[in-house]
Amino acid sequence: SHSSLYWFAGSDDFCPGGSIYPNLKESSLFLYPNQDVYFPPCKRYRISAPFVFAGGKFEQKKPSIEVLPDECLFEIFRRLPGGQERSTCACVSKRWLTLVSNICRDEISDNKTPQASDLEHENADKKGGVSSEDVDSDVEGDGYLSRSLDGKKATDIRLASIAVGTASRGGLGKLFIRGSKSRHGVTTVGLRAISRGCPSLRVLSLWNLSSVGDEGLCEIANGCHQLEKLDLCHCPSITDKSLLAVAKGCPNLTDLTIEGCANIGNEGLQAIARSCPNLKSVSIKDCPLVGDQGVASLLSSASYSLTKVKLQALNITDVSLAVIGHYGKAVTDLSLTSLPNVSEKGFWVMGNGHGLQKLKSFTVTSCRGATDSGLEAVGKGCPNLKQLCLSKCPFLSDKGLSSLAKAAGSLECLQLEECHRISQFGFFCSLINCGAKLKVISFANCLGIKDLNSGLPPLSPCESLRYLSIHNCPGFGDASLFALGKLCPQLQHVELCGLHGITDAGVLPLLESCETGLLKVNLSGCVNLSDKVVQTISNLHGWTLELLNLDGCKISDASLVAIAENCQLLTDLDISKCTITDSGIAALAHFNPINLQILSVSGCSMVSDKSLPSLGKLGETLLGLNLQQCKAISSRAVELLTEQLWRFPSSGMICYYFLSLKMGVGFFMAEFP
């Protein structure tokens, strides 16, 4: 039988247009089937492979290099002179990528002869420089690169590519993986590639990876001994076995976050406590197998290094809080959320343990044990407490809040949310009793506050308060604001949001009492405020004002005239859902100088196409413009405005335009050189 060899290498343009036959493999299409014929393909192959004509058909033979087993290719790849050469080989095929990504750092062979190596070092010494070997070790060992994979992009192939590509470009230092329900998600194979190619990895975050189990994380622990921060979130297949491996292989671990890992329990945390003496931050959330033993081990073993502790939705008891109170000698930030088995006794013992001397920030949310006596004990036992956040504490009363404020003499920030037993009396008592260091007070959604004219304690000025925030406390009214005006003469930030009960009569005394000049004022949702308030703000504080939010207030064009005349430093203005017209926008645009960067006129139904020239003039400084639900502005006007605004932003700035039509919202972004 006669056979002919046909090559399709694509090296010569013998037929520039490609083959004249639609299918080169069908012998019936050739004019002379018994002769050798050459046709270049339309697409080049990376590796030229011969076609052999035999038995009436063409058969493609594998290139000789593809016949080599994986073991031989592996030996070839590990002997390549540098990381870039290995990266190039990894681009050939998935098979080559897999092989290259499985080469460990200590398996890479130095194929230089001893004489050549000595000669290179000698030349480098003469030049006062470094050899290529030194350069490679410096570049590949730093680990300053960061990579993030989200959703469908989180696959083993991409992890292998990262492992190979970053090795010669500085080394991988941070890796964040957010998985999905894709069938081709991250598995042990991808993490093995990272462990072998990225020994410099210091930060690893795994979120929502149901396909990753103990084997994958054990690979990381065995290959990435420099790991300092580990974040495991919703990884149900990871168990204590993984933490045992991390404890053994990563003694430099400083930050540990575990969330929604149902199979991690006390044994893994105890191993971390024994082997990681430098642990600084621990966050554990929604892990039903974690109990007092695991938490107590972490606190007692890292007593002088652990600074941040966050415990949420765990089956721990008063024992854990007692351990925190005794061994938390270095803890500065403590957060306790949704701990149903912790009682008042736990908080009392923690406060009286005298171990939280360095505690500066304390957050309690949805803990039934946070009662008056328990929190008062914490206040007395934490002399350096500066920030206190209490949310959804149903058993905290005015008496307890007042005692806590008096006990915590160093408190600078007090935040309360959904503490419905707190009344107006508790609010003012905490303000008075917090001492001379209180700078921030914030109350949100506290339904127990009622505006009472009598029963208030003797008031003395709180000279240190700079930030006042009252959100959605419907009982907070003019009488409370009038009292605050006498108490807080040094305010710089005022947020009164969603307070339907306040009017000009209550707000004006507060504004008039501020002596240093307000920087930020947020009055959104205060539907009973009028132009008089805005005019007072502009006249008294226009020389310092930077942000003004009037969303939903009853203001007209007169307020915009006052703002344009007096507020030269204003950069952020929100007049959404106000009764302003085109005349107000024109006044805002034609008073100079005004340097607005953010302007929102959302829901202003009387602003029409006539404001196009004024908005265009404001666009010389604007970075953000919100025209949502401005139904009198046509789509054509928005298109013209968009074209005009592209030309204005300053060099190097990123410009965002929120332009909304009746049909929907458009989002435009551009980056200017």
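This is a chat about a predicted model of one protein chain.

Colleague: What is the secondary structure of the protein chain?

Modeller: The chain has 23 helices and 24 strands. Remember that the model is predicted.

Colleague: How much of the chain is buried?

Modeller: Of its 673 residues, 51% are buried.

Colleague: And what share of the contacts join residues at least 24 apart?

Modeller: Taking contacts between residues at least 6 apart in sequence, 79% join residues at least 24 apart.

Colleague: On to the core. Which residues touch the most other members of the largest nonpolar core?

Modeller: They are Phe347, Phe362, Phe443, Ile575 and Leu599, in a core of 177 residues. Helix α6, residues 156-167, supplies the largest share of this core, with five residues.

Colleague: Pick Phe362. What does Phe362 touch?

Modeller: Leaving out residues up to four places away in sequence, Phe362 touches Leu334, Leu336, Phe347, Met350, Leu375, Val378, Leu385, Gln387, Leu388 and Cys389. Phe347 is also among the residues that touch the most other core members.

Colleague: Which residues line the second largest cavity?

Modeller: The lining is made of Ser608, Asp609, Ser611, Leu612, Leu615, Leu627, Ile633, Ala637, Val638 and Leu641. Two elements, α22 (612-618) and α23 (635-645), each give two or more residues to this lining. The most come from α23, with three residues.

Colleague: How many of the lining residues are nonpolar, polar or charged?

Modeller: Seven are nonpolar, two are polar and one is charged.

Colleague: Change of topic: helix α16. Why is α16 said to be largely enclosed by the rest of the structure?

Modeller: Helix α16 covers residues 424-433, and seven of its ten residues are buried, so the rest of the structure largely encloses it. The buried ones are Gln424, Gly426, Phe427, Phe428, Cys429, Ser430 and Leu431.

Colleague: What covers the buried residues of α16?

Modeller: The cover includes the helices α15 (398-407) and α17 (478-487). It also includes the strands β14 (413-417), β15 (440-444) and β16 (467-471).

Colleague: Then α17. Which residues are buried there?

Modeller: Ser480, Leu481, Ala483, Leu484, Gly485 and Leu487 are buried in α17. What covers them includes α16, β16, β17 (493-497) and α18 (504-513). The helix α17 is in turn part of the cover of α16.

Colleague: Next, backbone angles. What is the phi of Gly435, which follows α16?

Modeller: Gly435 has a positive phi, near 90°. Most residues other than glycine have a negative phi.

Colleague: What about phi in Asn208 and Ala313?

Modeller: Asn208 is not a glycine, yet its phi is positive, about 55°. Ala313 is likewise not a glycine, and its phi is positive, near 55°.

Colleague: Where do Asn208 and Ala313 lie?

Modeller: Asn208 is in the loop between β6 (203-207) and α8 (214-223). Ala313 is in the loop between β10 and α12 (318-327). Asn208 is partly exposed, at 42% relative accessible area. Ala313 also counts as partly exposed, at 33% relative accessibility.

Colleague: And Gln312, is it buried or exposed?

Modeller: Gln312 is buried, because its relative accessible area is 17% and the cut-off for buried is under 20%. Gln312 lies in strand β10, residues 308-312. Apart from residues up to four places away in sequence, Gln312 touches Ile284, Lys285, Asp286, Thr337 and Leu339.

Note on methods:
Residues are numbered from 1 along each chain as its sequence is written. This is a predicted model: local features need pLDDT of at least 70, side-chain atom pairs count only at pLDDT 80 or more; totals for chains, interfaces and linings use all residues. Side-chain values use heavy atoms; hydrogens and water are left out. A nonpolar core is a set of buried Ala, Val, Leu, Ile, Met, Phe, Trp, Tyr and Cys residues joined through side-chain atoms within 4.5 Å. Buried means under 20% relative accessible area, exposed over 50%, partly exposed in between (1.4 Å probe, protein chains only). Helices (H or I, at least four residues) and strands (E, at least two) are DSSP runs, numbered from the N terminus. Contact means heavy atoms within 4.5 Å. On a 1 Å grid over the protein atoms alone, a cavity is a set of points where a 1.4 Å probe fits but cannot get out, and a pocket is an open set with protein on both sides within 12 Å along at least five of seven lines; lining residues have an atom within 4 Å of a point. Ala, Val, Leu, Ile, Met, Phe, Trp, Tyr, Cys and Pro count as nonpolar, Asp, Glu, Lys and Arg as charged, and the others, Gly among them, as polar.
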